[in-house]
Amino acid sequence: MATPIVLTVPGPQGQERAVRLSSPDRVIWPASDHGPALTKADLAAYVQAVAPAFLRAVSDRPVTLQRFRGGITGEEFYSKNPPKGMPDWIRTTTCTYPSGRQHQQLVLDEIAAVLWAVQMSTITFHPWPVRTADNDNPDEIRIDLDPQPGRTFADIVEVALALREIMRGLGLTPFVKTTGSRGVHVHAAIDPRWEFLTVRHAVIAIARELERGMPTLVTSAWWKEERGDRIFVDFNQACRDRTLAAVWSPRPLPGAPVSAAVAWGDLPEVGPMTWTVYNAAQYLADVGDHWGALHADPADLGPALALWEADCGRGLGEMPFPPDHPKMP
């Protein structure tokens, strides 16, 4: 193994932070058709290159770390509790989980904290849709379009564009990103006035509206046996303690794909592997962060909740929760 290296990066108020990176030559992504093997040092260089945009997505939020012992082919585990040995300059925030338990989660407010997470074998970063001032009321709607086997990325794009129009009709301003896997994520900023269950109801209403317009292509069916080959709108990603990969976060898949922000007009021209750790930083530098204005104008969730109430009046009520969630009203 190579000698550890020390990365010196800007900190708050003009300070500098020093972050030790052990085993910098450890392979995280093996070589593939997309490029040569990528090491821990390469991953650290990538997160530094995308730092401003990445920090906009994760800072002031609880973050779950998706960690791997030995790169993407090694043991995978998730860290919610702050790992041992965390520097005292990284802060935490108290989160309440569906069980009612509470404990601390990391908050990554500066690039040194992100690099320390890389040192702790983190590949993918999963921020909560809340700010630390109020960990119970989301400030984002996040909609995950999950393709079933047999569907193409072009099908996902068709559904995402239809979803955009529905969300705009409800007063929301949607932003889209690739997931770094097979689907896309669509987010919209909202006023943090509603707790998780209420936001989930709004997402269910949007999913049903999308399904009504595209019944052969879209499903809101929770049970896999009922989905067929349609694209599932995963409303349960709106549950408390459910997170999606952050924009610009790498993913633990061959070829080192990245969850990348996309302009709506460019979406039909991209694919799930268009942006990777090899090229995403240059893309970001060339075109800017398409998600930079995500929180410029948070929306009222009222119209989407009115759609939920209308569905309830038609006999369409609650949908199943994930199996690890307690029974809900």
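**Exercise 1. Determine how strands β7 and β8 are joined, and what lies between them.**

Solution. Begin with the pairing: strand β7 (residues 92-96) and strand β8 (residues 102-107) run antiparallel and are joined by 5 bridges, where strands are DSSP runs of E with at least two residues, numbered from the N terminus, and two strands pair if DSSP finds at least two bridges between them. Finally, look at the connection: β7 and β8 form a hairpin with 5 residues between them, and Gly100 in the turn has a positive phi of about 95°.

The model is predicted, so local features need pLDDT of at least 70 and side-chain atom pairs count only at pLDDT 80 or more, whereas totals for chains, interfaces and linings use all residues. Residues are numbered from 1 along each chain as its sequence is written, and side-chain values use heavy atoms, with hydrogens and water left out.

**Exercise 2. Describe the surroundings of Arg227.**

Solution. Start with its place in the chain: Arg227 is found in the loop between β13 (218-219) and β14 (231-233). Then consider its charge: Arg227 is buried yet has no salt bridge, and the nearest side chain of opposite charge, Asp146, is 4.5 Å away. Here buried means under 20% relative accessible area with a 1.4 Å probe, protein chains only, and a salt bridge needs a side-chain nitrogen of Lys or Arg within 4 Å of a carboxyl oxygen of Asp or Glu. Last, list the contacts (heavy atoms within 4.5 Å): leaving aside neighbours within four places in sequence, Arg227 is in contact with Asp146, Gln148, Thr219, Ala221, Trp222 and Phe232.

**Exercise 3. Characterise the protein chain as a whole.**

Solution. Count the elements first: the protein chain has 7 helices and 15 strands, the helices being DSSP runs of H or I with at least four residues. The radius of gyration, taken over C-alpha atoms, is 20 Å, close to the 20 Å that the globule rule gives for 329 residues, so the protein chain is as compact as a globular protein of that length; the rule is 2.2 Å times the number of residues to the power 0.38. To finish, note that buried residues make up 56% of the 329 residues.

Notes: Buried < 20%, exposed > 50% of the residue type's maximum accessible area, 1.4 Å probe, protein only. Lys, Arg positive; Asp, Glu negative; His and termini not counted.
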